[in-house]
Amino acid sequence: MTKMTTAELRGYQQICGKDGAMVAIACDQRGGMRTLLASDPDEQAKITNDMLGDTKADITRYLASAASCVLLDPLCAVPRIVDEGVLNRDTALLIGLDASGFDISPEGYRLSRLVPGIDARRVRALGGTGGKIMVYLRADKPEANDHNIAILRQCIADFGQEDLLLVVEFLTYQLDGESPEDYAAKTPWLVEEGTRISLECGAKVLKLPYPGTAEACANITKMAGEVPWAVLSAGVNHATFLGQVEIAMQNGASGVIAGRSLWKDCISLDRDIQRERLKTIAVPRLREIQAVIGHYRQKAAA
């Protein structure tokens, strides 16, 4: 198992709260955020990167300031959120390397993409505490993963060379012609095996989909060893995510890197409405998640 260097460990400590748990707010989405802000495709097309930057600035100011870290993208959000003084000095910054969306191979597999010009050195220049890379994996289809594993290895090596923290995320996905029932039945195994692939590539911190069961969470913790993992929200409703966080923390998770479940019904093109919802809806949700995490951190320390 690959251990963090001293510099990487310091970065990891900064993305964690005082209790040592990750509580990061993810708002590096672009396409997905546009679909939440406007239902009509023509209206979505009118939402500029600057407008998305405004939304991300509000999420950072009103929600992420109550967390230990924020995950942002380098197209809409940084460097402006640093340069304009929006980012709280005590809130760490992860910068996403993955481009929005994906390409499709002739066989129908998802091919991950990177934002051009964003590497470890650029992340550092933008004020990042570290980076985050997301790739798609289908562990049951080795031929689906070659391109994405190559990206993963490239990014891990680059950040290792710069001695900068990198959080590794992967997502599974349903194949064309695969029934929802068959996909759901495979999901725990797909997440476990995707974790194995990520660890074999040298991941030192993981951001993972909820694997579906307490047993799968425990298996991931055992497999990961000293590599900490955070559960992502995948846009499920808050009550569902809260239950997932509890099961994940009971079985060895080190926190959350959560986005849409916190803010998806709070963002608006009307910034007054947006700010009010972030303060009155999103922040209380975050406090509930922090309470669950704090409870299990205290039990683990006892």
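# Terms tested on strands and helices

Modeller: In β8, V205 has V167 standing opposite, where helices (H or I, at least four residues) and strands (E, at least two) are DSSP runs numbered from the N terminus. This is a predicted model, in which local features need pLDDT of at least 70 and side-chain atom pairs count only at pLDDT 80 or more, while totals for chains, interfaces and linings use all residues. Residues are numbered from 1 along each chain as its sequence is written, and side-chain values use heavy atoms, with hydrogens and water left out.

Colleague: What makes a crossover right-handed?

Modeller: With the strands pointing away from the viewer, the path from the first strand over the helix to the second must run clockwise. A right-handed β-α-β unit is also made by β7, α8 and β8. Further along, β8 and β9 run parallel and are joined by three bridges, with L208 opposite V231 in β9. Between β8 and β9 the chain crosses through α9, again in a right-handed β-α-β crossover.

Colleague: Why is I293 called buried?

Modeller: Buried means under 20% relative accessible area, exposed means over 50%, and partly exposed lies in between (1.4 Å probe, protein chains only). I293, in helix α12, has a relative accessible area of 1%, and therefore counts as buried. Contact means heavy atoms within 4.5 Å, and with neighbours within four places in sequence left aside, the contacts of I293 include V245, M249, G255 and V256.

Colleague: How do you know that P188 is on the buried side of the cut-off?

Modeller: P188, which is in helix α8, has a relative accessible area of 17%, so the value falls under the limit and P188 is buried. Not counting residues up to four places away in sequence, P188 touches P211, T213 and A216. P188 and E215 are 27 residues apart in sequence and 8.9 Å apart in space, C-alpha to C-alpha.

Colleague: Which residues of β8 are buried, and how is β7 described in the same terms?

Modeller: Both faces of β8 are covered, with V205 and K207 buried on one side and L206 and L208 buried on the other. Strand β7 (residues 165-171) is mostly covered, since six of its seven residues are buried.

Colleague: What makes the buried residues of α9 line one face of the helix?

Modeller: The buried residues of α9 are A216, C217, I220, M223 and A224. Their arc, taken from the directions from the helix axis to the C-beta atoms, is 130°, so they line one face of α9. On the other side of α9, E215 and K222 are exposed, while the cover over the buried residues includes α8 (180-200), β8 (205-208), β9 and α10.

Colleague: What makes the approach between D98 and M134 a polar contact?

Modeller: A polar contact is a pair of N or O atoms within 3.5 Å; within protein, one must be able to donate a hydrogen and the other to accept it, and residues adjacent in sequence count only if both atoms are side-chain atoms. A polar atom of the D98 side chain lies 3.1 Å from the backbone nitrogen of M134, so the distance is within the limit. D98 is in the loop between β3 (92-96) and β4 (103-104), and is buried because its relative accessible area is 7%. At the start of α10, a side-chain oxygen of N237 likewise reaches to within 3.2 Å of the backbone nitrogen of A239.

Methods: Pairing = 2+ DSSP bridges.
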